[in-house]
Amino acid sequence: MTDDAWLAALAGELRRHQLGPDLTAHVVAETAAHLRDSGESPLSAFGTPEGYATAVADSVGGPQPTTRPAGPVRLEVRGITKRYRRRQVLAGVDLTVRAGQVAAVVGANGSGKSTFLRVCAGLTQPDAGTVRVHGRLGYCPQDGGTSEFLLPDEHFALVGVGRGLSRPAARRQGRAYAAALDWTPPPTQARHLSGGTRQKLNLVLARLGTPDVLLLDEPYQGFDRGTYVDFWHEVWRWRDDGAAIVVVTHLLNQLDRVDLVLDLTRAEAAA
Amino acid sequence: MDADRRAQWLRGVLDLCVLGLLADGESYGYELAQALGDAGLGPIRGGTLYPVLLRLQRAGLVTTRWHGGETGPARKYYRLSAAGRTELRRTAGDWAAFTGSVATTLRQEER
Amino acid sequence: MRRTYAVAEAALREMLRRRVVLGILLLLPLAFYLSRRGDHLGQSIRFVCLGLGWALSTAALFSGSAGRAIEPRLRLSGYATRHLVGGRLAALWTVGVLLSTPYFLLVRFDQHDVRYAAVALIMALTVAVAPPFGLALSAVLPRDLEGTLVLLVVIGLQMMLDPAGTAAHVLPFWFSREIATYAIDHTDRGYLDRGLLHGLSAALLLTVVATVAWRVRQGRRAHLEFVPLG
């Protein structure tokens, strides 16, 4: 990798960490000056762009964890019970999420994480329990949720019109959310998109029209590392904008930064 | 000397050493790296040094300015702030007490 | 109306992009027509009308299952059943008109001594009946293959069963044979009236069935309550 390529990669990584244009430019300029002065190779002096950007982000504290007062209740889940044949999947699950909160749903494979989210979205009927959604609901399934033969822009228009947006507004908003995931929607039918790209489309569609409650079912499958980071930054941003967010995840390294954790493992063990 | 142990020790005091060097006057990253090497603290990688400088800047212990050199590129210069000077004086005392205790303990081991 | 139109447009785009399927559907009635053109001109009219019904039902079946992945999401995004089913039906009816027009012209200029207006009526009723029939099948049967087989059986029966028998009356395209007799053999008005009544009832009934089946497939969500924000 040439110095310039390494520096460009560094700039990209710093942006991913949302360090702001000023700090990003300063760090890159200082690093470039050091490389010129010392004549060292960037990899031996600074390591990988990813690693160095993470070190920089850590030293300035990363995106600031703020303690915001939680808003009004947006999602109320009470006593959800669901069994498939003889297998109890969910047993009296409760969850309350307020505006500006992120709830993580965790649990082993088969512990009913996706079922729980589908129940919340009204796609699966539980055996008992109620779900109350205040405002509008956005849902991002693990797969599906798109139409094979439509272009990304046509998806934006279709979902946007349902949400009461005009077509140009829906397209603009869709493209803006896509850009935050470092994606420029191509004029390609959804069936020709890769798995990760299709999930980006899925995620953008869930957010279109800024719903008040967002249900995300492991939406990052097939994302590369950078997009995965982008995804969580988007989640924090949506939370800061006042959305109530429920994320199904089996990756626990983000749990220190969510507001609530719903662990479904125990429900399965008890059954 | 064991390189790992040395790196470990340095990690704990690198920020202090940088403050110490800056007590002699304004400097920039590469010059600080060289000065640390000359002082016998071993080669310091840029990837280690600059995050420390950012932390010091963020804590308000150093101030910075960009200055374009006539011959080279613009460089970021670091200068000790009043808070940095106070911090250096205090922690230098702490460090002396700490190394004193370490030295005493090690001598007891010899006996 | 904006929402129905948006669904119709998307469904139309989906269909127009499946070029191979579209090509086969377009040519299938022609094959039906040519297969009997040699021996009995009138029979070829009966066949082309049933061919149109089969092609349109199949198109509706595929269209219904193509929408399956995105419809739950659309339902959460402000679309009601009437938008989703109505929009897709509107798209299919449009395709039906486009598909049957060249075949009507073919009959108009290739055949003599038939009641053209009655042939046009058969085609119009076919365009009305086939889409809800295919959509209902796609809602009830989870896989395309199963739906296609059912369609094959229905059209096969429709061709073989004696239209005079009572069993034939319950088939969705019975009106086609009945009105064709009026158009080709110049029988009395009774054939036309019975066919018209059957066709209209079939279109209405199948539209209701398609809507209900679609609703059932989407599942109930009695446990979910939406509270609008003030």
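Strand 1 and strand 2 of chain A form a hairpin with two residues between them. In the turn, Arg85(A) has a positive phi of about 50 degrees. Helices (H or I, at least four residues) and strands (E, at least two) are DSSP runs, numbered from the N terminus.

This is a predicted model, in which local features need pLDDT of at least 70, side-chain atom pairs count only at pLDDT 80 or more, and totals for chains, interfaces and linings use all residues. Residues are numbered from 1 along each chain as its sequence is written, while chains are lettered from A and ligands numbered from 1 in the order in which they are written.

Strands of a sheet pair through backbone hydrogen bonds, either parallel or antiparallel. Here, two strands pair if DSSP finds at least two bridges between them.

| Strand pair | Sense | Bridges |
|---|---|---|
| Strand 1 of chain A, strand 2 of chain A | antiparallel | eight bridges |
| Strand 1 of chain A, strand 4 of chain A | antiparallel | five bridges |
| Strand 4 of chain A, strand 1 of chain C | parallel | four bridges |

Val77(A) stands opposite Leu95(A) in strand 2 of chain A. Thr81(A) stands opposite Ala128(A) in strand 4 of chain A. Across the chain boundary, His134(A) stands opposite Val227(C) in strand 1 of chain C.

A helix covers part of this picture too. Strand 1 of chain A spans residues 73-84. Axes are lines fitted to C-alpha atoms, for helices over the stretch in contact, and angles run from 0 to 180 degrees between N-to-C directions.

**Chain contacts**

Two residues are in contact if their C-beta atoms, placed from the backbone, lie within 7 Å. Of the two pairs of chains in contact, chains A and C share the most contacts. There, 32 residues of chain A are in contact with 28 residues of chain C. Strand 4 (128-134), strand 5 (137-140) and helix 6 (152-162) of chain A each give two or more residues to this side of chain A. That side divides into 14 nonpolar, 13 polar and five charged residues. Ala, Val, Leu, Ile, Met, Phe, Trp, Tyr, Cys and Pro count as nonpolar, Asp, Glu, Lys and Arg as charged, and the others, Gly among them, as polar.

Chain A also meets chain B: 18 residues of chain A are in contact with 15 residues of chain B. Helix 2 of chain A gives the largest share of this side of chain A, ten residues. No contact joins chain B and chain C, whose closest C-alpha atoms lie 42 Å apart.

**A helix pair in chain C**

Helix 6 (residues 116-140) and helix 9 (residues 174-185) of chain C pack at an angle of about 170 degrees, with axes 9 Å apart. That makes the two helices of chain C roughly antiparallel. Angles under 35 degrees count as roughly parallel, over 145 as roughly antiparallel, 65 to 115 as roughly perpendicular and the rest as oblique. Their contact divides into ten nonpolar, two polar and no charged residues.
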